[in-house]
There are 4 protein chains.
Amino acid sequence: MGRGIGELVSTIKSKMIFASDNWAGVHPDIAKRLSDEANGFAAAYGASELDKKVEQTFNELFEREVAVYFVGTGTAANSLALASVNRPGGVTFCHREAHMIEDECGAPEFFTHGARLAPVDGENGKIDPQNLKSEIARFPPDFIHAGQPMAISITQATEIGTVYQVAEINALAAIAKDKGLPLHMDGARFANALVALNLTPAEMTWKAGVDIISFGATKNGCWCAEALVFTDPKIAKDLPFIRKRAAQLFSKTRFIASQFEAYLADNLWLKLARHANIMAMRLRQGITTAKHARLGWQTDTNEVFCILDKSLAEQMKQQGAIFHPWNPPRSKQHLLEENEILIRLVTCFATQPDQVDQFIELLD
Amino acid sequence: MGRGIGELVSTIKSKMIFASDNWAGVHPDIAKRLSDEANGFAAAYGASELDKKVEQTFNELFEREVAVYFVGTGTAANSLALASVNRPGGVTFCHREAHMIEDECGAPEFFTHGARLAPVDGENGKIDPQNLKSEIARFPPDFIHAGQPMAISITQATEIGTVYQVAEINALAAIAKDKGLPLHMDGARFANALVALNLTPAEMTWKAGVDIISFGATKNGCWCAEALVFTDPKIAKDLPFIRKRAAQLFSKTRFIASQFEAYLADNLWLKLARHANIMAMRLRQGITTAKHARLGWQTDTNEVFCILDKSLAEQMKQQGAIFHPWNPPRSKQHLLEENEILIRLVTCFATQPDQVDQFIELLD
Amino acid sequence: MGRGIGELVSTIKSKMIFASDNWAGVHPDIAKRLSDEANGFAAAYGASELDKKVEQTFNELFEREVAVYFVGTGTAANSLALASVNRPGGVTFCHREAHMIEDECGAPEFFTHGARLAPVDGENGKIDPQNLKSEIARFPPDFIHAGQPMAISITQATEIGTVYQVAEINALAAIAKDKGLPLHMDGARFANALVALNLTPAEMTWKAGVDIISFGATKNGCWCAEALVFTDPKIAKDLPFIRKRAAQLFSKTRFIASQFEAYLADNLWLKLARHANIMAMRLRQGITTAKHARLGWQTDTNEVFCILDKSLAEQMKQQGAIFHPWNPPRSKQHLLEENEILIRLVTCFATQPDQVDQFIELLD
Amino acid sequence: MGRGIGELVSTIKSKMIFASDNWAGVHPDIAKRLSDEANGFAAAYGASELDKKVEQTFNELFEREVAVYFVGTGTAANSLALASVNRPGGVTFCHREAHMIEDECGAPEFFTHGARLAPVDGENGKIDPQNLKSEIARFPPDFIHAGQPMAISITQATEIGTVYQVAEINALAAIAKDKGLPLHMDGARFANALVALNLTPAEMTWKAGVDIISFGATKNGCWCAEALVFTDPKIAKDLPFIRKRAAQLFSKTRFIASQFEAYLADNLWLKLARHANIMAMRLRQGITTAKHARLGWQTDTNEVFCILDKSLAEQMKQQGAIFHPWNPPRSKQHLLEENEILIRLVTCFATQPDQVDQFIELLD
């Protein structure tokens, strides 16, 4: 979510909607699959044939046996991921501007009964390995006063539209391994990162050292489908109780499973993400050549950050463009002139080229 | 959920499914509405026009301005209801066999950081007012050692298929009011109780003294639609933060709103509940006249409790009947002979008369 | 603490103080040891020579290597005991009127983030093994809806002055072992029970199947000295972090250690408990022969429960007797006539025979 | 506590103890008062005459009616202070290297069920008002995703031995007031700051805009005496339950009260703090003129930070000096040469001039 916007958009006439990828609806294939599932009875609470079948699909997707738990929101996936590796006085290291710090209203701390998110600085929305080492070094083993490290969490794609290269994940995974810490990946935009990097799920996760994945599908064409994936099922031993106690075990889970079934079938998910990324690229190109705007920084996925005059931003809103203002990252504090504003533009599976073009035109 | 059953029902050939009302799918009208919503963009996180419109529908439904929050599961609704009235050392009084005690894996305690569910005994699944008074009396005001009462919660319909009459709710509400405690109603089967009693929502809730309602729709034809309703919006002041921190604020909330829209339109919800209740009545009548079974006790809604020989139960399962065994209520401990078993049979909007008849036939 | 009493006793002229064993001060030997410790420097946070020495004393006391953690209150000891064996959706079985349920303001639930205390009924303040089995049976393994058993806790001596015989502990320990649950003993009045039973600490605990002990000394002559003892140090692996995070790691821990040193030296603790028990016996004998009072039930330690006319109780208060009214146990509901009251009388290391005699005289 | 030191100091022969002010014992006047209190009975749980009397003393001390709660540790005081103003998704702003962030093992987060400590940077251990404003600005009112500000906490004296001037407190209090946030002061070394600034308690707290104070006495000559002071008793309404549930209500509270009585009598506390500060000044002067060491930065109270060669530090330890290494503040990262180490030296009421002189001599 963007910063400082709470207004109700009472009628959406505009086609220029770049507020967030969760403003989109549901892809027709997924909607159809949901409809088809409406008939008939099936075992509740994740015990249906379909639930089991889709769990199996995740094994194939990740090229190994994984433990998969469906939950309702990305915040739930992140929070339960941390809850599963929780420790008394536990500390999770994540980027200073990670979604779990900035946009989850304290849910990760809540679900872990107060485990801390220790912010680590780094350029381009990515944890800097040296900073990570320094921060972890403040928690010597068995020094009870400081607490104890419990996990490292990275966001892929990051909150500011960039991606970790495999080598960058490797570097953080090496630190995690050295310290005996699990490495979590917040993959709310997993698919967008995957196609940007042209990797397989296995390559972007466990082959690179990632242990737990919040595998998001809601932002990429589902209505409510998030999976918590453990590459080592042993870590997830208590998860069934953790999830139930967290009120995240849906009785009719198969309606999440069915979304995933359609989402993953025939690489639909990759096609949708690729489309969103291409639309973002079109936006970036337009901004680069626009007279009255410039890019905040280079991005790799479906988020674009644009700097423009406050008055122009206001004018564009009047003309129907929808977007959120964005807090400049602390590492880019001097990005803006006095009269300027930073805005975030997010594309998605449903973004149309003419929406982009219309927006770019207004910039001139 | 029933007791002691965890098995995977791998293929559901049977038509005799009485396991739970959450084994059903989604009513076609609701499924269609979900599909229709798939297209187009709308503001996320509850800010869309549709969200607002459906909230307004709740005002009409309850004949007053209420505060409504959509969440994903009944456990979430119950838990956040208690979280909204939480106190340090808080104690909620509920029936000893309430769903929140028996079937939510500690979620209410978790979301309230350890507030207690104090079990109160009572016949027929209903809190006995005298017992309630005695239990509350164990918590004198300002006696910090015992903790402090924070709420009373009743289940309507109860976990064992009975309903509170309005006078019974009044009696508990009077105690609640006297002690300054909010009265919560777990309405996972709100509609089934409503049609059984032939009341309006207002009559069954705030006119009878109920302050907070978990308004369930999932068991009655939706796939995932629960509403937390506060008859006094002031109590709900912090709920937006409580819900978000609880990972229960869905980004595409409008897909919950759309389910409710179809559910509440043209009294669909009442028709579905009425159908389920009638199917249960048919079951009860069949059992009453059956040779090898008898009713555990009289029920008023869509749950039927049946006592039969363990061997017969086993046999019926072989022939495709699906149901859960059930723990006899503590107040009915001597219900069973040595060789007998108590089972729960639940009907729903999708139960067909021939399913019932087929089941009854097997009993003979 | 007694029920329903919050008044400030502004001036204690009476010598007839039977309100609680924590109204007493500190035994002179312990007070002197505290004073002696005032001089000099020592490592903080439990790392001093004295801390280590007293930990060693506990090994000798229990005739095996134990893990010992000093904390400030009995509630802390109980709560951290449960926190050390906590599980998601966890349930601890204890007597329905255990101190941790009735008098700790929800602390055990708080420190376990909402693990439940499941009340088990039983005569004479003691858990009935059959009831325990029935209650545990409501939590089938892997049935996530109900939650998962995590511990059994008994109170020795019980809240109503009785004691578990070794055979009774054995019976509960057998159930605990069968279910894989740790057995905790709330020993706020450990010494009183021990001398009543004429056992060694080892015999009353691990030899009988107890795994974790809240070893209380405050009520028996210290000012603030409670020890959490794990007979298997492995269980306590995370306790240093749990205790620190619970704000129960005192910086100058050696002042707790020094109290224990004096307390345990030359069997002082056993002498003090024996004295308290003898004073209680004197009280019981007096009440038995008194005209206007009778015993509520037989007790074995330093608590005596007495039934008398409300008016007489009032009169005795006027004449300087200090005691708390007490809620009749649920299993003894018909104990009282309309005009009667149940009161609790507690003796301690500092109770004098003439205090007792003066009280008994007033009863006639 | 210092960083990276867990070793057991098995025998303290050295007189050069500068490890921490909590390595000292108890001042003779306070020890005597504790002894005197050992005799006699008194109401437990804070209801004794003495408890009430000392509470009254706090009113006089602060020149207004305050609410006072005795607790056992500074961590408890800080944690319960925050718990009393807790909010769902709550965020407390404190210095990045505050004790509550660095040395309390997550206790503040634990006692608030996961409220966050948001680190704010600032020179000299003090929150920078501009940074504070920027950080608070990231939490727009009613923007549920980020959470909601709940408090600001400052440490006086700071963790690195400096003090906030009244004007500096005023500046932060103005921000707090503007945002409707309570201002908390962690006064573990309240007395040391007070005498350094030559202020009254009222001037350093509520007259400067402070609402809640953790008033520490343990580090300044008591064995276990911390008071949580609310300048507006209304805020503390729920504190009795919060404290009890937190296992911080001692049964024999009067032994904390009695320490405070002696501590506050005849300005003993100020004398002790003044002595500690003077000893620190002597240390600082010695270091300034020493050949092989230099001050890390200027300090105002009883903490001194010294930079010296690692080999010299090692050598001094061999000769009996006891001190902790210290992590350089993030704002002073380039303080050290490769071969150097930063150490913290803490003086206290019991530090003797010759201890200091002996230490300084070794530096040359």
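In which sense do strand 1 of chain C and strand 7 of chain C pair, and over how many bridges? The views below, all taken from a predicted model, start there.

**View 1. Strand 1 of chain C next to strand 7 of chain C.** These two run antiparallel, with five bridges linking strand 1 to strand 7 (residues 226–230). Zoom in on Val68(C) and you'll find Val229(C) of strand 7 standing opposite.

**View 2. The seven-stranded open sheet of chain C.** Reading across, the strand order goes 1-7-6-5-4-2-3, and the pairing is mixed. Strand 1 (67–71) and strand 3 (116–120) sit at the edges, each with pairing on one side only. Going from one strand to the next, the twist averages 25°.

**View 3. Helix 2 of chain C lying across the sheet strands.** Helix 2 (residues 49–62) lies over strand 1, strand 6 (212–216) and strand 7 of chain C. Its direction makes an angle of about 125° with strand 1 of chain C.

**View 4. Helix 1 of chain C packed on helix 11 of chain C.** Here helix 1 (residues 28–37) and helix 11 (residues 254–264) have axes 8 Å apart, at an angle of about 140°. The two helices are therefore oblique to each other, and their crossing is right-handed.

**View 5. Side by side at the contact of helix 1 with helix 11 of chain C.** Helix 1 brings Asp29(C), Ile30(C), Arg33(C), Leu34(C) and Glu37(C). On the helix 11 side, they meet residues including Arg254(C), Phe255(C), Glu261(C) and Tyr263(C). By type, the contact residues split into five nonpolar, two polar and five charged.

Methods:
Residues are numbered from 1 along each chain as its sequence is written. Chains are lettered from A and ligands numbered from 1 in the order in which they are written. This is a predicted model: local features need pLDDT of at least 70, side-chain atom pairs count only at pLDDT 80 or more; totals for chains, interfaces and linings use all residues. Side-chain values use heavy atoms; hydrogens and water are left out. Axes are lines fitted to C-alpha atoms, for helices over the stretch in contact, and angles run from 0 to 180 degrees between N-to-C directions. Helices (H or I, at least four residues) and strands (E, at least two) are DSSP runs, numbered from the N terminus. Angles under 35 degrees count as roughly parallel, over 145 as roughly antiparallel, 65 to 115 as roughly perpendicular and the rest as oblique. A crossing is left-handed if the near helix is turned anticlockwise from the far one by less than a right angle, and right-handed if clockwise. Contact means heavy atoms within 4.5 Å. Ala, Val, Leu, Ile, Met, Phe, Trp, Tyr, Cys and Pro count as nonpolar, Asp, Glu, Lys and Arg as charged, and the others, Gly among them, as polar. Two strands pair if DSSP finds at least two bridges between them.
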